[in-house]
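Welcome! Please take a moment to look over the sequence and the 3D view before reading on.

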Amino acid sequence: MMTAGKAHPQHWLEEDLAALAATHPAVARALKRVGPPEPRVRPGGFGTLAKIIVGQQVSTHAARAIGQRLTQALGGRLGAGAVLDASDETLRGAGLSGQKVRYLRALAVAVETGALPLRRLPRMEDAAVVEAITSVLGFGVWSAQMYLLFSLGRRDVWPAGDLAVRGGFARLQGWEARPTEAQVRDASEPFAPQRSALALLCWRVYSEAPL
């Protein structure tokens, strides 16, 4: 499913949460208990995808620090050309592992060659966006879903593989244990096509009381 390419969470989050609450008592109870989640918006483009790589398997604080050092090392702009012009020593000096250096270079090559058509992504179907991003070394489905949700503002993104989404969904549903990815994916069907709002709510519910 594709929604308007320029839509962002603040454009539809309140509306979709209200619609979900009207038809799903569990959502209404969760909203009353923890309040509505804040929109999360990230700019589209190379920099956001690069920061997804930077943030893999490190804390939010560490990712922010490494991202800042990387941007400074590249002359103040986190762009594909700057990455390709930089030496491995420069990139590693900012705090990137050898693996992340390879991932970042692969992303830069994909963008520079057009293999990853960043400007066309907002006009592409969700599944096509996922396919395009996951074709780049270092990016899995979760990373592509984060770009769909936060940068492209798609309204029916459901990251069932995210542990916090699963934990929040379990608490919202009143389940005692965190369910499997497959269980969460199947159980989400009645919430379509507003699962992006549901995911944001699940993150908020989980942050209030992690499983």
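This is a predicted model: local features need pLDDT of at least 70, side-chain atom pairs count only at pLDDT 80 or more; totals for chains, interfaces and linings use all residues.

**A helix pair**

Let us start with helix α8 and helix α9. Their axes come within 9 Å and cross at roughly 130°. That angle makes α8 oblique to α9, and the crossing of the two is right-handed. On the α8 side, the contact is made by D126, V129, V130, I133 and T134, while α9 brings in V141, A144, Y147 and L148. Sorted by class, this contact has seven nonpolar residues, one polar and one charged.

**An enclosed helix**

Next comes helix α3. Seven of its nine residues are buried, so α3 is largely enclosed by the rest of the structure. Those buried residues are F46, T48, L49, A50, I52, I53 and V54. What lies over them?

| Helix | Residues |
|---|---|
| α3 | 46-54 |
| α8 | 126-134 |
| α9 | 141-151 |

**One residue pair**

Finally, have a look at V109, which sits in helix α7. Is V109 buried, exposed or partly exposed? With a relative accessible area of 40%, V109 is partly exposed, because the value falls between the 20% and 50% cut-offs. From C-alpha to C-alpha, V109 is 9.4 Å from V136 in space, and the two are 27 residues apart in sequence.

Terms used:
Residues are numbered from 1 along each chain as its sequence is written. Side-chain values use heavy atoms; hydrogens and water are left out. Axes are lines fitted to C-alpha atoms, for helices over the stretch in contact, and angles run from 0 to 180 degrees between N-to-C directions. Helices (H or I, at least four residues) and strands (E, at least two) are DSSP runs, numbered from the N terminus. Angles under 35 degrees count as roughly parallel, over 145 as roughly antiparallel, 65 to 115 as roughly perpendicular and the rest as oblique. A crossing is left-handed if the near helix is turned anticlockwise from the far one by less than a right angle, and right-handed if clockwise. Contact means heavy atoms within 4.5 Å. Ala, Val, Leu, Ile, Met, Phe, Trp, Tyr, Cys and Pro count as nonpolar, Asp, Glu, Lys and Arg as charged, and the others, Gly among them, as polar. Buried means under 20% relative accessible area, exposed over 50%, partly exposed in between (1.4 Å probe, protein chains only).
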